[in-house]
Amino acid sequence: VEPEIDHNDVVHHMLLYHCPSFVKEPYDKPCYKGDKGDACFGVVASWAVGGGAYELPENTGIPIGGVGNDTFYRLEIHYNNPQKKEGIKDSSGLRLHYTDQLRQYDVGILTTGVFPVSEMQYGIPPKATQFKSYGICNVSLFSQLVNPIPDLQVFSVLLHTHLAGRKVRVGHFRKGNQIDFMGVSENYNFDMQEIVNLGSIKTIKPDDEIIVECTYNTADRTKTTLMGLSTTDEMCLAFLFYYPAINITSCTSRPNTSLLSNTAHQIAEYQSLIKTLPQVQYISDAS
């Protein structure tokens with residue numbers, strides 16, 4: 001997967017999704033406006049600021065084409081134009097290199113972390129030097145959509161926050177105990193977001209949990225930072241590259257902030273409350 005970037009100063013990141021079978025018509029409009037194509041969320045390829053070309057391991061591939069497979073894909077490009085430059089025409093995209101020799105394993109890309117868009121208000125307070133958010137993926141819930149659940153062999157990860165992000169950790173838990181990290185960035189750099197090869201295979205079992213922890217610094221901000229799509233909002237995501245592919249596209253969560261009182265909280269108290277709130281989990285499949 002090779003990025004073709006026309007304007008490095010405004011192209012923020014790109015995601016190529018495969019669409020479910022009910023998407024039968026092409027469209028070329030802004031995302032998240034209610035079109036059927038907004039339902040396309042199976043990540044096929046990704047790129048973010050600072051990333052280069054990415055090559056899958058020799059024994060893996062992402063299937064495309066063939067009878068009964070996806071007809072439509074959605075290329076979603078996020079732009080960030082803080083200087084409000086006018087007249088920009090952009091043809092950025094992703095160049096995909098393929099082979100007609102079927103490889104041993106089909107690759108899946110699982111989106112984990114904090115659910116990025118929700119009616120539940122979840123904000124990062126201003127003037128915070130180390131504020132943490134958490135997203136949980138309980139793999140046992142996959143059985144609601146896929147059965148049986150195979151062991152998932154994770155080999156690469158892409159970590160993603162926005163401008164306030166300083167650290168990202170992807171913890172791997174089994175029977176309530178942390179056994180490993182799926183990815184760690186102790187000095188997260190927004191301008192250097194690359195898909196990282198883990199160097200060894202990390203095996204996710206059907207009853208495991210994945211917890212994505214992000215640390216933010218909002219010391220220079222005077223207003224609450226919301227979790228959302230804008231570059232000035234925040235995200236906390238980890239894209240896990242694994243095989244064999246299953247029909248699950250994302251496994252994210254968000255603390256149930258509706259249980260919080262409206263009473264103003266100090267930053268430390270608010271962070272502690274957020275950490276202990278029940279998590280509302282979201283799981284989606286490719287169909």
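## A predicted protein and its nonpolar cores

The largest nonpolar core has 38 residues, and Phe142, Val170, Ile204, Tyr216 and Leu240 touch the most other members. Two or more residues each come to this core from β8 (108-114), β10 (131-138), β11 (152-160), β12 (165-174), β15 (209-216), β17 (237-243), β18 and α1. A nonpolar core here is a set of buried Ala, Val, Leu, Ile, Met, Phe, Trp, Tyr and Cys residues joined through side-chain atoms within 4.5 Å. Buried means under 20% relative accessible area, exposed means over 50%, and partly exposed lies in between, with a 1.4 Å probe and protein chains only. Another core lies apart from this one; it has 17 residues, among them Val43, Tyr54, Leu237 and Tyr243. In soluble globular proteins, nonpolar side chains tend to be buried together.

Before going further, a word on the model. It is predicted, so local features need pLDDT of at least 70 and side-chain atom pairs count only at pLDDT 80 or more, while totals for chains, interfaces and linings use all residues. Residues are numbered from 1 along each chain as its sequence is written, and side-chain values use heavy atoms, leaving out hydrogens and water.

### The whole protein

The protein holds one helix and 19 strands. Helices (H or I, at least four residues) and strands (E, at least two) are DSSP runs, numbered from the N terminus. The C-alpha trace spans about 60 × 55 × 35 Å along its principal axes. How does the radius of gyration fit a compact globule of 287 residues? Such a globule would have a radius near 19 Å, and the protein has 19 Å, which agrees. That radius is taken over C-alpha atoms, and the globule rule is 2.2 Å times the number of residues to the power 0.38.

Of the 287 residues, 44% are buried. Among contacts between residues at least 6 apart in sequence, 81% join residues at least 24 apart; a contact means heavy atoms within 4.5 Å. The protein exposes about 15200 Å², and carbon and sulfur atoms supply 49% of it. These areas come from the Shrake-Rupley method with a 1.4 Å probe, and for residues only the protein chains shown count as cover.

Charge can be described too: there are 23 positive and 31 negative side chains, and the centres of the two sets lie 6 Å apart. Lys and Arg count as positive and Asp and Glu as negative, while His and the chain ends are not counted. Each charge is placed at NZ of Lys, CZ of Arg, CG of Asp or CD of Glu.

### Some buried residues

Let us return to Ile204 from the largest core. Not counting residues up to four places away in sequence, Ile204 touches Val139, Pro150, Asp151, Leu152, Val154, His172, Met182, Ile210 and Leu240.

| Residue | Relative accessible area |
|---|---|
| Cys236 | 0% |
| Cys19 | 5% |
| Thr257 | 11% |
| Asn138 | 17% |

Cys236 sits in the loop between β16 (225-226) and β17. Beyond its neighbours within four places in sequence, Cys236 has contacts that include Thr112, Ser133, His160, Cys214 and Met227. Cys19 belongs to the loop between β2 (11-18) and β3 (42-48). The C-alpha atoms of Cys19 and Gln178 are separated by 35 Å, and the two residues are 159 residues apart along the chain.

Thr257 is in the loop between β18 (248-255) and α1 (267-276). With neighbours within four places in sequence left aside, Thr257 is in contact with Met120, Gln121, Tyr122, Ile274 and Leu277. Asn138 is part of strand β10, and under that same exclusion Asn138 is in contact with Asp208, Glu209, Cys251, Gln281 and Ile283.

### Backbone details

Most residues other than glycine have a negative phi, and most peptide bonds are trans. Where are the cis peptide bonds described here? One joins Asn147 and Pro148, with omega about 0 degrees, and Pro148 is in the loop between β10 and β11. Another runs from Tyr243 to Pro244, with omega near -5 degrees; Pro244 is in the loop between β17 and β18.

Two lysines have a positive phi: Lys127 at about 60 degrees and Lys175 at about 55 degrees. Lys127 is in the loop between β9 (123-124) and β10. Lys175 is in the loop between β12 and β13 (177-185), and it counts as exposed because its relative accessibility is 81%.
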